[in-house]
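Trainee: Could you take me through one part of this model in detail, the protein surface near the RNA? I'd like to see how it sits in the rest of the chain.

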Amino acid sequence: MERKVRVRFAPSPTGALHVGGVRTALFNYLFARRHGGDFLLRIEDTDQTRYVPGAEEYIIRSLKWCGLQVDEGVGSGGAFGPYRQSERKALYKTYALQLVESGNAYYAFDTPEELEACRNACEEQKDTFTYNALSRSKLNNSLRLSREETAQALRSGVPYVIRFKMPENEELVLQDLIRGEVRFNTSLLDDKVLFKSDGMPTYHLANVVDDYLMQISHVIRGEEWLPSLPLHVLMYRSFGWEKVMPAFAHLPLILKPVGNGKLSKRDGNSMGFPVFPLQWTDPATNEVWHGYREDGYFPEAFINMLALLGWNDGTDKEIFSLQELCEAFTLERVHKAGSRFDPEKAKWFNHKYLVEKPDSELALLLGRQLLEKGIQAPAGVLERICSLFKERANFVSDICNDSLFLFRAPEHYEDKDVKKHWKEGSPALLKELYARLEQVTPFTAAHTEEVISAWITSGEIGFGKVMNPFRIALVGASKGPHLFDITEMLGKEETLKRLKKALDTF
RNA sequence: GGUCCGUUCGUAUAGGGGUUAGUACGCAAGAUUUUCAUUCUUGUAACACGGGUUCGAUUCCCGUACGGACUACCA
């Protein structure tokens with residue numbers, strides 16, 4: 001009997017959620033949906049020293065913006081709560097003690113200073129200090145101390161931690177859904193702290209206990225966790241939970257577009273693309289980071305782009321709605337290697353979604369942006385602009401900038417375009433054009449084009465000779481949509497005004 | 001340093017014992033257009049290296065190189 005699929009996204013509220021985190025959440029979400037399972041959000045805030053106010057709320061808002069609906073967890077409720085580990089604090093000690101009693105863990109009284117000294121001593125001999133089977137008998141812990149000494153230390157309130165007793169020289173062959181078999185020898189691993197002297201569990205304890213208690217069926221997380229997989233598996237074994245141990249899948253990392261290393265939050269501001277879904281202000285430094293949302297990305301495009309970073313469905317299909325992703329996603333098709341993030345491709349994805357959006361929807365967004373520049377326009381005009389400009393834009397802000405000339409007459413003319421298209425005969429032709437335009441009624445795109453085309457054709461003048469300088473007069477440069485769409489939107493009065501101004505200028 | 005993971009055009013990837021190694025982004029050229037763009041066409045460019053196994057390897061195995069992660073009382 002297959003058990004119900006339950007996966008969790010378990011971030012630490014230590015700052016904004018970056019794209020790597022969003023992708024981990026996304027893959028968990030897709031996997032849950034694909035299998036009719038539950039997607040949980042658990043907040044792993046066991047390290048009070050790293051807690052950042054606002055981070056948890058940011059995470060919830062980000063998932064929401066991305067359209068990843070949480071079935072259960074912080075902010076959503078559920079039968080397995082609380083879902084914030086700080087609120088589950090009391091629970092973990094029992095489990096740590098259980099491991100001590102079964103001989104799989106022990107008390108350690110070494111102070112941070114003592115451990116630091118050990119590390120330094122080892123380093124001097126070009127060695128790495130490891131708290132393991134070789135060293136633990138010489139250190140200050142309940143394995144070395146007598147039962148009485150340990151009890152005495154505990155009673156007197158000496159700070160202690162609980163460490164996992166890593167078995168010696170055991171060959172572990174573990175399964176990863178993405179990587180296949182992964183082998184470890186336990187002798188190379190160390191006795192990780194499970195329970196800290198501040199009374200809080202470490203990630204390892206809290207994570208395993210909660211995954212067990214919350215009946216998680218699949219752990220889908222970043223590759224940075226692969227090295228602690230043996231510890232986690234051994235813990236399940238020590239607890240006697242092997243039968244319900246989740247399956248593991250370690251996702252490849254997202255790397256910087258250029259240079260070495262994984263994508264970090266610094267890259268965003270220095271390389272000119274966002275690394276966060278939403279704008280984030282670091283409460284400690286007041287530093288502000290742009291988000292994909294603020295840069296004009298549609299959440300669907302953002303999600304689509306992230307999904308294709310390290311995954312594909314085996315066909316050439318690249319544009320997927322969230323629904324389609326839910327249906328197509330499988331862990332088997334997740335790439336093993338880390339992927340470099342490509343900001344250009346991200347823009348392309350947004351372009352694809354922009355073009356597909358109804359003009360009425362884009363018009364609303366465009367209206368808002370134009371308003372910020374002090375420009376107001378009726379809905380009909382905005383829609384017309386969107387339909388005319390979106391093909392050449394990646395973002396609504398591109399449409400906004402490209403269409404500004406419709407509302408503001410050009411203040412200067414592009415030198416290189418003028419040089420190329422404003423010829424000796426241009427003034428005479430444009431004067432003639434001016435006279436003819438004055439007569440055009442109605443001033444619609446179709447009719448104006450008909451009249452002007454007839455004139456150009458019959459006079460054997462050549463379209464380029466008229467249209468190019470005409471465009472410069474109206475737009476200020478050699479760009480923009482179909483010229484007669486522009487004249488219609490400008491209206492006769494404004495069109496003539498701009499024509500006259502250009503004639504006066506050159 | 002140690003452990004683990006990885007390596008197909010610049011990037012994201014498909015593929016897989018015999019292929020003209022496919023696609024997308026980017027870039028370039030051409031066509032179209034009154035401009036820019038769009039669109040269309042074409043081009044550009046890859047199996048990290050060295051050994052095996054094999055009739056044959058880019059594909060399987062082993063090394064090397066390179067990249068990455070981890071190596072905290074952080075997650």
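Mentor: Let's start with helix 18, which gives the most to the surface near RNA strand B, with five residues. Helices here are DSSP runs of H or I with at least four residues, strands are E runs of at least two, and both are numbered from the N terminus. This is a predicted model, so local features need pLDDT of at least 70 and side-chain atom pairs count only at pLDDT 80 or more, while totals for chains, interfaces and linings use all residues. Residues are numbered from 1 along each chain as its sequence is written, with chains lettered from A and ligands numbered from 1 in the order in which they are written.

Around RNA strand B there are 62 residues, and Asn 260, Ala 337, Arg 340, Arg 392 and Ser 478 come nearest; near means a C-beta atom, placed from the backbone, within 6 Å of the strand. Besides helix 18 (463-475), the elements giving two or more residues are helix 4 (112-124), strand 7 (180-185), strand 14 (339-340), helix 11 (343-356) and helix 19 (483-505). By class, you get 21 nonpolar, 20 polar and 21 charged residues, where Ala, Val, Leu, Ile, Met, Phe, Trp, Tyr, Cys and Pro are nonpolar, Asp, Glu, Lys and Arg charged, and the others, Gly among them, polar.

Now zoom out. Chain A is assigned domain 1 (1-76 + 252-355), domain 2 (90-195), domain 3 (357-404) and domain 4 (415-505), with bounds from an automatic or database assignment. The C-alpha centres of domain 2 and domain 3 lie 62 Å apart, and the C-alpha trace of chain A spans about 110 × 55 × 35 Å along its principal axes.
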